Amino acid sequence: MMRNKFIVVEGIEGSGKTTAVMHIKNILMDFGIRNVISVREPGSTALAEEIRCLVKKKFNNDLITINTELLLMYAARTQLIESIVKPRLKKGDWVIGDRHYFSSYAYQGTFSKSIKKKISILQSMFFGSFKPNLTFFLNISPYTSMKRIKKRTSLDRIEMNNIDFFSKVRLEYLKLVNKHSNCIIIDAEKKKNEVHKEIKTKLYTWIKNYE
Ligand code: Z5A
């Protein structure tokens, strides 16, 4: 039986990450893998959940600068990876993550090349070669994203960005997933049950090839 894998789900808002994480957990359980936990970024520790609230909040006349936003994301990530993810993987558990470092490249990195450079430095300084074993990228258009999130009663600070911003974020994601071999792109425009079927088929194949 395969041990301790770190699987991450990435995508723009409303791409279905949260439901996909629960679905992956269930698939693994069906596969006989019972020691599975799920986490989200930013979040999943008391401190990181506080940071999550801070980055989503709108501060009057005190705009969060892009460097501050990036450092807050890395503070939350470091707390989560060091206090939960690594210890659980060490125990032999599986960890399913709702977002990880690709999100920093896609959201903060889209602002400039110099921000991307800073992300690479932070990433290697704090995590070295530590990377997810597998990343699912749920691919949807920014239009579908907007349609799905507009159903909510209120939008947070980052969600208030426009379609143009989310198009850039999606492009950054596509560049990243095409550059890394351990990534699987899922057409998340389809109906939920079809998306979940595709995830299940691809996850089974990945597990079988790994064994
Ligand atoms: N962020 C960052 O900037 N930098 C970083 O390094 C990190 C994060 C780690 C996290 O907010 C924010 O932090 C995010 C990026 C930033 N900013 N924004 N905006 P979040 O967790 O609140 O937002 P999110 O990660 O984008 O999650 P989400 O908006 O809740 O979307 P989701 O998890 O991908 O989707 P969902 O909750 O599973 O589904 C959304 C809705 O769509 C729901 O009503 C579903 O029933 C529906 N849905 C899902 N799939 C389908 C399909 N296939 N068809 C139809 N409807 C569907």
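This is a predicted model: local features need pLDDT of at least 70, side-chain atom pairs count only at pLDDT 80 or more; totals for chains, interfaces and linings use all residues.

Student: Which of the 28 residues around the ligand come nearest?

Tutor: Glu13, Lys17, Thr18, Arg52 and Lys56.

Student: What is the make-up of the shell around the ligand by class?

Tutor: Ala, Val, Leu, Ile, Met, Phe, Trp, Tyr, Cys and Pro count as nonpolar, Asp, Glu, Lys and Arg as charged, and the others, Gly among them, as polar. Here the shell has 13 charged, eight polar and seven nonpolar residues.

Student: Which polar side-chain atoms lie by an oxygen atom of the ligand?

Tutor: For polar contacts, look for pairs of N or O atoms within 3.5 Å. A polar side-chain atom of Thr18 is 2.5 Å from a ligand oxygen. For Ser104, again through a polar side-chain atom, the distance is 2.7 Å. Ser15 uses a backbone N or O atom, 3.3 Å from a ligand oxygen.

Student: How much of the ligand's accessible area does the protein cover?

Tutor: Accessible areas come from the Shrake-Rupley method with a 1.4 Å probe. On its own the ligand has 1100 Å², and the protein covers 83% of that.

Student: What space does the ligand take?

Tutor: Rolling a probe the size of a water molecule over the atoms shows where empty space is left. On a 1 Å grid over the protein atoms alone, a cavity is a set of points where a 1.4 Å probe fits but cannot get out; a pocket is an open set with protein on both sides within 12 Å along at least five of seven lines; lining residues have an atom within 4 Å of a point. The ligand takes the space of the largest pocket. That pocket has a volume of about 770 Å³. Its lining has 38 residues, with Glu13, Lys17, Thr18, Asp98 and Arg99 nearest the centre.

Student: Which residues line the largest cavity?

Tutor: Tyr101, Phe102, Lys131, Pro132, Thr135, His180 and Asn182. The cavity holds about 40 Å³ of space.

Definitions and conventions:
Residues are numbered from 1 along each chain as its sequence is written. Side-chain values use heavy atoms; hydrogens and water are left out. A residue is near a molecule or strand if one of its heavy atoms lies within 4 Å of it. A polar contact is a pair of N or O atoms within 3.5 Å; within protein, one must be able to donate a hydrogen and the other to accept it, and residues adjacent in sequence count only if both atoms are side-chain atoms. A molecule sits in a cavity or pocket if more than half of its atoms lie within 2 Å of its grid points. Grid points are joined across faces, edges and corners, and a volume is the space filled by probe spheres set on the points.
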